[in-house]
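Subject: Structure handover

Hello,

Here is the structure for your files. My notes follow below it.

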Amino acid sequence: QKPKISEIIVVDDLSEDHTKDVVDSFEKEAKSKDVRLVYLKTSKRSGWPVARNLGALNSKRKYLFFVDDDSVMAPYSSFGAIFTYEWLKKKGVNIGLLNLAPYSRSSVPNKIVPKTKIGNIDFSKGEYTSNKDAFPEEYVDNPDKFIHQEFHILEPISIKNNGGYVLCEKDVFMKVGGFPESILRRFVDREFGCQMMENAYSIYLQSDPKFQCVH
């Protein structure tokens with residue numbers, strides 16, 4: 001990541017592959033770059049919510065940036081996430097989670113949809129949309145869509161459900177109880193987003209393709 005990040009935590013949920021060997025192979029490079037590289041392994045197969053909570057608990061940094069093991073992050077993802085998160089805080093937003101765009105087997109968005117169709121939950125109507133891999137329709141040919149004109153960083157949009165490629169502050173993460181460990185097999189990240197909203201935190205999406213990951 002550019003600029004350099006200071007901590008990487010890999011949580012192995014009792015895998016039977018060569019995860020530890022891969023992590024160990026980076027130990028020397030991590031030390032030379034002053035990166036805290038941590039390998040953790042669960043005592044039993046517990047699922048990704050437990051694994052992520054374990055990683056968060058062992059982090060020593062202000063920010064937590066979660067990413068799946070089958071995702072490849074763009075080089076400036078952490079920069080874009082933190083820049084946007086802190087921009088929102090300066091604007092007075094009680095931000096809890098900042099999502100970034102994951103693209104399935106692609107490095108560009110494959111659809112354009114209105115902002116209202118991205119990351120929406122309406123419990124009264126029973127409606128749910130994801131579309132975090134889409135580009136907001138309102139930003140096409142709109143010169144006022146950037147929060148940083150020189151870097152051309154897109155303005156984040158408010159959403160109502162969370163994904164797995166996300167940044168938050170550790171203090172906030174711990175305050176809302178982390179990822180729920182025993183509610184659902186899928187969509188635990190969405191339930192975690194609901195916990196954030198129930199605690200009066202906002203969820204945003206930074207849909208800038210420069211900060212995406214290929215999933």
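Leaving aside its neighbours within four places in sequence, which residues is Asp12 in contact with? They are Thr19, Tyr39, Leu40, Lys41 and Thr42, where contact means heavy atoms within 4.5 Å.

Some ground rules. This is a predicted model, in which local features need pLDDT of at least 70, side-chain atom pairs count only at pLDDT 80 or more, and totals for chains, interfaces and linings use all residues. Residues are numbered from 1 along each chain as its sequence is written, and side-chain values use heavy atoms, with hydrogens and water left out.

**Asp12.** Asp12 lies in strand E1 (strands are DSSP runs of E, at least two residues; helices are runs of H or I, at least four; both are numbered from the N terminus). Asp12 is buried yet has no salt bridge. Buried means under 20% relative accessible area, exposed over 50%, partly exposed in between (1.4 Å probe, protein chains only). A salt bridge is a side-chain nitrogen of Lys or Arg within 4 Å of a carboxyl oxygen of Asp or Glu. The nearest side chain of opposite charge, Lys41, is 4.2 Å away.

**Helix H3.** This helix covers residues 48-57. Its buried residues include Pro49, Arg52 and Gly55. The buried residues of H3 pack against E1, E2, E3, H5 and H6.

**Ser106.** Ser106 sits in the loop between strands E6 and E7. Ser106 counts as buried because its relative accessibility is 18%. Not counting residues up to four places away in sequence, Ser106 touches Gln212 and Val214. The C-alpha atoms of Ser106 and Val214 are 5.7 Å apart, although 108 residues separate them along the chain.

Key: Lys, Arg positive; Asp, Glu negative; His and termini not counted.
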